[in-house]
Amino acid sequence: MAASMTSNPKILNPRSPFARVVLLTAFCLVFLIVTLRSTTDHVRRITNQLDHVQNVQELSVAPDCSMNTTHLQSLQHKYGLTDRIEYGRRYVRFHRQDIQRKGLTTVNEDLFPTAFDAIDIQNPPSTTTCLKPLEVAVPRSPYPRTVDASDLLFGISTTYGRLIDPRTSPLKEWAHWLTDGRGNSNGAGLILRLVDASESELEDTRRTMGSMGIDVKVYLSNSATHMAQRYLSLLPALYNDPSRKHRKWLAMCDDDTFFPSMHALLDRLSTFDHHSDLYIGTLSEDINNIQRHGSQAFGGAGVFFSLHTASVITKLHDSCSTDQKLQESNTGWGPQGDILLRKCIYENTEIRLTMLRDLHQLDLQGDPSGFYEAGLAPLSLHHFKGGSWHWAKPYEGAQIIHGCGEACYLQRFVTTDDFIISNGYSVAYYPYGIQFDVNQMERTFSAAPDDFGSNLDFMLSPQRGSLVETGRKVAWELQESTIEADGSVRQTYIRKANDHRWTENPGGKQMFEKDGLMELIWIS
Ligand SMILES: *[C@@H]1O[C@H](CO)[C@@H](O)[C@H](O)[C@H]1NC(C)=O
């Protein structure tokens, strides 16, 4: 090497034109690097200044440790709390960073380093135990206010009665995924069909949803047509909507389908070629239901069609929706729209279902905790309004995304004192420690109507045993979330003393004598 260099001294001779070019290039490069460096330093200084400004703002939302009697009493009234409760409040300061969302994020601090406050709601102290904020890192995920969902046109069929019944009304959930969270459409459209509604009911629905910022067209549909046929005919209605021109995906779902994170949904859809023939959805979690009804998109999880697939079904619609086809789509539980749709596609085309496993039909009964506490980032949720299915509050839980971003919802944090926060669902405490596999779902729920134990294993993976009635777990569950004026999000989690789940053993002694109220306040 050295020999070859000395044997070619010309190359470094400044009088050689080649060497001049080399030296000039080197000089330019050094100059460029120095300039870039100082620019980067400058940007870094500005960023530091911004951080400083932010720190000053952070100080202004330092923990408020005062007790608000009116607030406590209104919670007592709403959730039937005992007068004497155990109360805990913790501020959680999230740091949005360029990190991946993990299934479980370790926080090297206690969540509640001191005992809960014993409080009499009728005569509360003026302050609560004041803890410094818990510091946690979260992915820098986007906010609902920045989403452009205009690629999507949804179709839903329901009744006016369900819209106005507080137990079933989906309006606030719809506003979550069809608006920016501030009363403006996020670009996604909705074709809503109301079965047997009167003219004034249609008008009332248009007015109410319009005032919520939802871009909706409301139409009447007639119960003389079978539900399954009405479902199939929704796709041609979406296809024939004039807004099709600027859509990429036509989607059908149930009135109780919830999409917590629209950026995530759109990101995932963008991994598919919307010009190709696509029928995207997911199966039921329950292999019983797949055996019973067939292998097809279970519509409650949401079904997505590329425009070309929709055009094919639109042409086939009449022949796919005959009385004969209707009969063939009856697997003993009445004709099913999902089956009619699958038969239409499978019997006439080569298009087959593309699985999107983060959509969830949630054919689960009983306590759904194990699912919501599994650290998942679901693209859809379904069947959470009780009745024969499970009961959960994903709308209330998902409000956290207005604070720390979309990826925060259901993100899990484990603290050194054996608490696991499933953000927006629960705060669970494991008095004997966390000796189980946190990557497996706790089997708190059951399959319906026949649970032979492993029905759900294929879709949800085998689940670990339930800790209910073992004394090894207790959970405070989210009831409400409030976005405060300063942008912080206050979550209210409640644990009832008489909850049958939190006993030492089946039918045994309750683990707690008083109800528990926990508030997590997420600040930046
Ligand atoms: C106390 O709580 C009530 C009811 O939630 C609320 O209207 C009021 O603004 C709160 N007062 C303070 C000082 O935060």
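Helix 7 provides the largest share of the lining of the largest pocket, namely 5 residues. The model discussed here is predicted. Helix 7 spans residues 227-239, and other elements that give two or more residues to this lining are strand 5 (152-158), helix 9 (287-293) and helix 12 (337-348).

The pocket itself holds about 1100 Å³ of space. Its lining consists of 42 residues, and those that lie nearest its centre are Met227, Asp254, Gln336, His382 and His383. Sorted by class, the lining comprises 18 polar, 15 nonpolar and 9 charged residues.

Over the whole structure, 18 aromatic pairs are found. Two of these pairs are set side by side below.

| Ring pair | Distance between ring centres | Angle between planes | Arrangement |
|---|---|---|---|
| Phe112 and Phe116 | 4.9 Å | 55 degrees | tilted |
| Tyr279 and Phe305 | 5.9 Å | 20 degrees | stacked |

The arrangement of each pair follows from the angle between its planes. Planes under 30 degrees apart count as stacked, those over 60 degrees as edge-to-face, and the rest as tilted. At 55 degrees, the pair of Phe112 and Phe116 is therefore tilted, whereas Tyr279 and Phe305, at 20 degrees, are stacked.

Phe112 is buried, because its relative accessible area is 11% and the class requires a value under 20%. Phe116 has a relative accessible area of 23% and is partly exposed. Both residues also belong to a cluster linked by ring pairs, together with Phe419, Tyr429, Trp476 and Phe512.

Tyr279 is located in strand 10 (residues 279-281) and Phe305 in strand 11 (residues 303-306), so their contact ties together parts that are 26 residues apart in sequence.

Charged side chains also meet aromatic rings. Arg145 places its charged end over the ring of Tyr143, at 4.3 Å from the ring centre. Arg352 lies over the face of Tyr346, and here the distance to the ring centre is 4.2 Å.

Terms used: Residues numbered from 1 in each chain as written. Predicted model: local features only at pLDDT ≥ 70, side-chain atom pairs only at ≥ 80, totals over all residues. Heavy atoms only, no water. 1 Å grid on protein atoms, 1.4 Å probe; cavity = no way out; pocket = protein on both sides within 12 Å on 5 of 7 lines; lining within 4 Å. Points joined across faces, edges and corners; volume = space filled by probe spheres on them. Helix = DSSP H or I, 4+ residues; strand = E, 2+ residues; numbered from the N terminus. Nonpolar A, V, L, I, M, F, W, Y, C, P; charged D, E, K, R; others polar. Phe/Tyr/Trp six-rings, centres within 6.5 Å; stacked < 30°, edge-to-face > 60°. Buried < 20%, exposed > 50% of the residue type's maximum accessible area, 1.4 Å probe, protein only. Lys NZ or Arg CZ within 6 Å of the ring centre and 35° of its normal.
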